[in-house]
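Welcome, and please open your viewer. We will go from stop to stop, and at each one you will hear what to select and what is there.

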Amino acid sequence: LRGVAVVDPDISDTELEALNAGGMRGIRLSTMLKGAVGSDQLMPMAEKIKALGWHIVLHVNDSNEIAELEELLRALPVPIVIDHLSRVRGGQGVDYPGFQALLRLLRDTDHVWAKISSWYRLSDLGPPYDDMTPIARALIEARPDRILWGTNWPHPILWDHPMPNDGDLLDQFMVWAGDDASRKQILVDNPVVLYGFNA
């Protein structure tokens, strides 16, 4: 198994090595969740984990944070996964500045990844979330070798949306991915590379 940990910024190298031995391969930072380690720790934490070959998962509150952080993200010495489609909303669409910044980062670098997950929270139309289709497809078309998919199961803190059907979400992603080769790349090959399943 592989995992991504939420850690304190002052975690020791010994503690990180123990997590690595247990299968952790990255850390998660968030500007959305209260009390989380935020984006101000991107470079310090990147320096702390780079010798392990880990990556950072960044969960932002608003997609425009990606535009604000674009130059810093380009300079990071470790891979970074932008979680939840950068939290761009369906009504904001592919032209939203933060999402355009994410597309640039995907096209211009090899260390920036994006995760397609939790789009049911970001849709302004609700089920079947058709307003998220252009966004997901834009990510896949920009850099299929740097895209991941996540279930976001068990859908925590879902107070103001209907509980999604996970089978429907997977089916929708499979349509977005287009063909068997793209599906295999995103669901199998890309995680093997990022999480080191072949190591």
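## Stop 1

Select leucine 58 and show what surrounds it: leaving out residues up to four places away in sequence, leucine 58 touches Leu29, Ser39, Leu42, Ile66, Leu69, Leu73, Ile80, Val81, Ile82 and Asp83. Contact here means heavy atoms within 4.5 Å. Before going on, note that this is a predicted model, in which local features need pLDDT of at least 70 and side-chain atom pairs count only at pLDDT 80 or more, while totals for chains, interfaces and linings use all residues. Residues are numbered from 1 along each chain as its sequence is written, and side-chain values use heavy atoms, with hydrogens and water left out.

Buried means under 20% relative accessible area, exposed over 50%, and partly exposed in between, using a 1.4 Å probe and protein chains only.

## Stop 2: strands and a helix

Next, switch to a cartoon view. The helices (H or I, at least four residues) and strands (E, at least two) are DSSP runs, numbered from the N terminus. Select strand S1 (residues 3-5) and S2: the two run parallel and are joined by 3 bridges. Strands pair if DSSP finds at least two bridges between them. Follow the chain from S1 through H1 to S2, and you trace a right-handed β-α-β crossover. Right-handed means that, with the strands pointing away from the viewer, the path from the first strand over the helix to the second runs clockwise.

Is S2 enclosed or open? Because 5 of its 7 residues are buried, S2 is largely enclosed by the rest of the structure. On to S3, which runs parallel to S2 and is joined to it by 5 bridges. Here arginine 28 has valine 57 in S3 as its bridge partner. S2, H2 and S3 make a right-handed β-α-β unit.

Now select helix H2 (residues 42-49), whose buried residues are Leu42, Met45, Ala46 and Ile49. Look down the axis of H2: the buried residues fall within an arc of 105 degrees, so they line one face of the helix. That arc is taken from the directions from the helix axis to the C-beta atoms. Those buried residues pack against helix H1 (13-21), strand S2 (24-30), strand S3 (55-59), helix H4 (70-75) and S4.

## Stop 3: histidine 84 and the serines

Select histidine 84, in the loop between strand S4 (80-82) and helix H5 (97-108). At 5% relative accessibility, histidine 84 counts as buried. Which side chain makes a polar contact with the side chain of histidine 84? The partner is serine 117, at 3.1 Å. A polar contact is a pair of N or O atoms within 3.5 Å; within protein, one must be able to donate a hydrogen and the other to accept it, and residues adjacent in sequence count only if both atoms are side-chain atoms.

Serine 117 sits in the loop between S5 and H6 and is buried, with a relative accessible area of 2%. In that loop, between strand S5 (112-116) and H6, you also find serine 118. Serine 118 has a positive phi of about 65 degrees although it is not a glycine. Serine 86, in the loop between S4 and H5, has a positive phi of about 70 degrees. Most residues other than glycine have a negative phi, and most peptide bonds are trans.

## Stop 4: two cis bonds

Finally, select proline 127 and proline 128: the peptide bond between them is cis, with omega near 5 degrees. Then move to tryptophan 153 and proline 154, which are joined by a cis peptide bond with omega of about 10 degrees.
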